[in-house]
Amino acid sequence: MRSQIEGSRAVAETVARCRPQVVCAYPISPQTHIVEALSALVKSGRLAPCEFVNVESEFAAMSVAIGASAAGARAYTATASQGLLYMAEALYNASGLGLPIVMTVANRAIGAPINIWNDHSDAMSQRDCGWIQLYAEDNQAAADLHVLAFRLAEELSTPVMVCMDGFVLTHAVESVELPGATEVDRYLPRFQPRQLLDPDDPVTIGAMVGPEAFTEVRYLAHATQLAALARIATLATEFRATFGRPVAGLVSPYRCTDADTVVIALGSVLGTLKDTVDEMRVDGVPLGVLGLTAFRPFPAAAIAGAIGDAKRIVVLERAFAPGVGGIVTADLAAALPVAGRTVHTVVAGLGGRPVTRASLRDALTAAAAGTLGPLTFLDLDERLLRHTAKEAMA
Amino acid sequence: MTPTRVKFYQTGSFAVGNRLLPADLRAVQSDPTRTNSLTSGHRACQGCGEALAARYVLDAAMRASKGRLVTVNATGCLEVFSTPYPETSWRVPWLHSLFGNAPAVASGVAAALKAQSRTDIRVLGQGGDGGTVDIGFGALSGMFERGDDVLYVCYDNQGYMNTGVQRSGATPPAARTSTTQAVGPEPGNVFGQGKSAPLIAMAHEIPYVATATIADLRDLEYKVERAMALHGARYLHVLVPCPLGWGSTAGQTVAIARLATQSGIFPVFEAEDGVLTASTPIRRHVPVEEYLRLQARFRHLFEPERRADVIDRIQAAADHNIERFHLLSGEG
């Protein structure tokens, strides 16, 4: 059944249907509506047996989830921005211990300067923490990916974050078909933990590992991520069969087959991008769009397959590595043979700046004409820069 | 789990006296079928107070929970010396996550057990003073105020011993550590700093707060049993001398813990719902100097000359404890 529903609410309702047993949360914008809704659902008794733990920090939120998961409970939390950074140490720990926690990240910029609006700096800063990262294009995807995330996490015994753009998705009311409870139960079996804190079979979890085995642990973490590539694709197919609608698995190509130039992006900006490409296609510019749902693991083969013979790649980045350049661009260069292709990085929408069709059109027109530079900051306000420079000198 | 027969040398010094008692009154450690939760072969230093305390605490908690116990451990000596992969000394379900999150992880375990209706299983968190009173303090306070069903045990050796004896918020005044060196006009740790985690725990008005030392192991067992008889957030703070960090000989660990209580510098007490309910009276009162002299971390108070001014300040702190906790009134 379709309903007009806020993104946060859709995610909360979906998570509820996944029957979490422990939900813990520390409030941070723009994640708040998700955990507010879940706290109400738990308090009403609708989710019983489920414990909602109001913790004193994001570090504690992830730590409670770690304890809960190790004790055999399906555990969920949500955060954003500074909160994700505050739990960084625990993120590595959760993945290192192989605990299948699912977390929503309501993507938001990182300060200073403090900024509560959307970009991907938070999740991308944690790209190497061993979690799987899935990015939602719209609120339907945000809801559906949570069901897939629980299944994926528990099959591989590894944690998954579902990233959805803060405010742009979390606070937007859209038409969403919530995953049906019966279908969710069919798709998502009961949690069978790989390791369990159990007095009847005592195990030591979290031992100290020295140089003689640490490399092997990291190698296995990589192997798990690579295994996820195949599983995500399969689970997306199975999702369609169960729920009767598609969910983007690794990547979602749009008009790529005959494209000279393919724009790669993640998250909610894909909608605007597709509209822009449609417009420019009318004018005869052969453009395509490739949305990445999976960022970790990085779906190199799926990307290579989707971009085919495109001569030019434009990577639209919602985060930035100062002193280097585009984060997705760097991964792309490492994963794909780029010889014979031109790769452009366009940094856009940092700290919530709107990414408009007009600006995208300018950048993509320049790309198609071969005049776009290797690194562009979309809509960079030169006047503001001069003003800041003048103040600095005064 | 199946009990194992314990080797005789592990049964503890007061096992012999237990033979005169009826079986149900004997110490946990005197029971040859006790769990032996932290088994032999671990890599603690000779004379480690923490290893001794942990064994008594865990075995007592295992008996009180009828073997239905799960433990969460902060990073620190206890974690490092007990679990060098692929070995483990733990014969109880044991989880180590991070340095600063053991109370929160324990809260998560408790929440999971409640959600799964496995409430017959009890949760015990443990860590050193660094993991408890410093880096894990926010998580500890959160666990307390929510009333999560966890017994948290702090093994207090008054510093970061695992990383090479640095100062913690539990390091006493004047003590030399590698970050409070015995140099300058006021050598060692500064006066007026540090905190009492048990008193702060009491301010949360949780069901049970107690202190103990390894000098009175029967009392330690009793306090674990008492704590396990209650539910909600409970806190046990155990003084565990550290030969490495305190600069004492391995054979004096227990004696030093005893002098800490007999001088009044470490008050032994119990509190319920934030109210002091009992304190252990001092049987043989000694000046703090007897306690300080056995430890190289206080050597600068006696060499090259005796620092009467500093010793007097430490004695004043002990006297204050004696008054505050009624340690000489005989009304304990």
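The rule I used: a side-chain nitrogen of Lys or Arg within 4 Å of a carboxyl oxygen of Asp or Glu. The background is simple: side chains of opposite charge can pair when their charged atoms come close.

One of them joins the side chains of Glu13(A) and Arg46(A), at 3.3 Å from N to O. Glu13(A) sits in helix α1 of chain A and Arg46(A) in the loop between α2 (32–43) and β3 (51–54) of chain A, so this pair ties together parts that are 33 residues apart in sequence. My helices (H or I, at least four residues) and strands (E, at least two) are DSSP runs, numbered from the N terminus.

Ground rules, before I forget: this is a predicted model, so I take local features only at pLDDT of at least 70 and side-chain atom pairs only at pLDDT 80 or more, while totals for chains, interfaces and linings use all residues. Residues are numbered from 1 along each chain as its sequence is written, chains are lettered from A and ligands numbered from 1 in the order in which they are written, and side-chain values use heavy atoms, with hydrogens and water left out.

**Where the chains meet**

How many residues does each chain bring to the contact? I get 38 from chain B and 39 from chain A, with contact meaning heavy atoms within 4.5 Å. Together the two chains bury about 2,900 Å², 62% of it on carbon and sulfur atoms. Buried area here is the accessible area (1.4 Å probe) that two parts lose on being put together, summed over both. Tyr85(B), Leu98(B) and Ala115(B) supply 18% of what chain B buries against chain A, more than any other three residues.

Next I checked for charges across this interface and found 3 salt bridges. Arg146(B) and Glu56(A) meet in a salt bridge through their side chains, 3.0 Å from N to O.

Which element gives the largest share of chain B's side? It's α4(B), with 9 residues.

**A sheet using both chains**

I traced an open sheet of 9 strands with mixed pairing, in the order β9(A)-β2(B)-β1(B)-β3(B)-β4(B)-β6(B)-β5(B)-β7(B)-β8(B). Strands pair if DSSP finds at least two bridges between them. The edge strands are β9 of chain A and β8 (275–279) of chain B, each pairing on one side only.

Strand β9 (residues 204–205) of chain A runs parallel to β2(B) over 2 bridges, and Thr204(A) stands opposite Trp94(B) there. Elsewhere in the sheet, 6 bridges join the parallel strands β5 (residues 208–213) and β6 (residues 234–239) of chain B. Val209(B) faces Tyr235(B) across that pairing.

I noted a cis peptide bond from Gly111(A) to Ala112(A), omega near 0 degrees. Ala112(A) is in the loop between β5 (102–107) and α6 (121–125) of chain A. The bond from Arg296(A) to Pro297(A) is cis too, with omega near 0 degrees.
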